[in-house]
Amino acid sequence: MDRFAAFKWQALFRDWHILLEGLGRTASTAGLALLLALALGVLFGVLATAPWRSGRAVSRLYVNLIQNTPLVTQVFFLYYLLPHFDIMLPTPVVGVLGLGVYHGAYVTEVVRAGIQAIHRGQLEAALSQGFSYVQAMRYVILPQAAQIVLPPMTNQAVALIKNSSILAMISGGDLMFQADSWSASTGYYGPAYLTVWAIYFAICFPLAQLARRWEERVRLSRGGEVTAA
Amino acid sequence: MMEELAVLAQWHNVRFMAEGLLITLRISFFTIVFSFILGTLLGVMRYSGHRLLASLAAVYIESFRASPLILLILLFRFTMPLKPVNSGTLAMTLFTAAIVGEIVRGGLNSVDKGQWEAARSQGFTWWQTMRHIVLPQALRKMIPPLTGQFITVVKDTSYVWVVGVQELTGKGVIILGQHGSTVQFFAIFGMIGLIYYILCLGLNRLGLWQERRMSWLTM
């Protein structure tokens, strides 16, 4: 296995700070994108179940457009579009926008399913007690939906972390990019890719397991009915 | 403005984009077919309860599910003696198979255990029960998540651009380099987006149709 020869590993460990920088960039980008996705997801998820037809339509449009076109295309769109309007954003910021908007559509569906899993009577009861629609959502429905929504939301976080490697395609300095450019200059692809895989695994696997365990618990506590997918 | 758009409608540009679309379709098709076969195998292995087979499938599924697709595409490109489009398709197939494996396992789990007992008591072997009784019922449960995953496959083909394959998105970016006015920019990306949208919506409809078609199974 000369592709994984010892001296190549040594070279990688000598340059370990390159991967560490990439990991930092991946973490900050994914973190910010997740916040954006959550904000968009809650907003459009609530709109999707709102009593106003136009709100539901806007939410549907967002989810449909974003879910049926590739993340790569969307990020390229932003990457090449913004300079047309003399907006020069650093690539990680383009990444945060692209990833946030993309996963926001998936989070929207998660939130919508979570809200719809709460019995309709809860909303009616809250409204009858003089809560406004927004208040009913905020104090009655969303706190209950949060429990159901947690496992699929965690899965979205895992997907987002993995997808943040899209930054590598626009020279965004993330973990994947750093490993790729390092191995392009040294030719030592094996150790670099394997190490990067191990890092992603170390982050994503525990999160995915956590989601699975939560899912099990939610299913049990809700009497076996499977909700938000 | 019309002149600018006319450039994009020229035959060689249209053909250029069509070539990209064909590559996108080709990668999608092979990935969907092979990952469905491999994923079903993995799902059945993990569900089987056979210690060795189940843990083999589990290791496979978890390690592929936790890795970014770009990483796999790059890894396979540089460690396999294949053309980029083929190593890309292979990477996508192995990646998607892990997810399909989990979908299949979920589908199998959703079939009531009583079905097993009934079939076995009637003299069916394990494999016969799986093939004739359990898998067909599981399949219907699997259609919605499978549809979602196969739509993701079509979209993910754009990742293969990272190893230099000029699929739909890649071709678009090249054309963009040649014809880069703002109007042309929107025309190019609008067209690419529309094509993906139509492909994905088509798959979605196909999934819904299959689901309805198979609904007699659980009536």
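Me: How many salt bridges does the rule find across the interface of chain B and chain A?

Reply: Two, where a salt bridge is a side-chain nitrogen of Lys or Arg within 4 Å of a carboxyl oxygen of Asp or Glu. This is a predicted model, where local features need pLDDT of at least 70 and side-chain atom pairs count only at pLDDT 80 or more, while totals for chains, interfaces and linings use all residues. Residues are numbered from 1 along each chain as its sequence is written, chains are lettered from A and ligands numbered from 1 in the order written, and side-chain values use heavy atoms, leaving out hydrogens and water.

Me: Which residue forms a salt bridge with Glu102(B)?

Reply: Arg212(A), with the closest N and O atoms 2.7 Å apart.

Me: And what area is buried between chain B and chain A?

Reply: About 3300 Å², with 71% from carbon and sulfur atoms. Buried area is the accessible area (1.4 Å probe) that two parts lose on being put together, summed over both. In chain B, the most area is lost by Leu71(B), Lys155(B) and Tyr159(B), together 17% of what that side buries.

Me: Switching topic, at what angle do H7 and H9 of chain A pack?

Reply: About 165°, with the axes of H7 (residues 133-163) and H9 (residues 189-221) 8 Å apart. That makes H7(A) roughly antiparallel to H9(A), a label for angles over 145 degrees.

Me: Which residues make that contact?

Reply: Among them are Leu150(A) and Val158(A) of H7(A), and Leu207(A) and Trp214(A) of H9(A); contact means heavy atoms within 4.5 Å.

How values were computed:
Axes fitted to C-alpha atoms, helices over the stretch in contact; angles between N-to-C directions. Helix = DSSP H or I, 4+ residues; strand = E, 2+ residues; numbered from the N terminus. Parallel < 35°, antiparallel > 145°, perpendicular 65-115°, else oblique.
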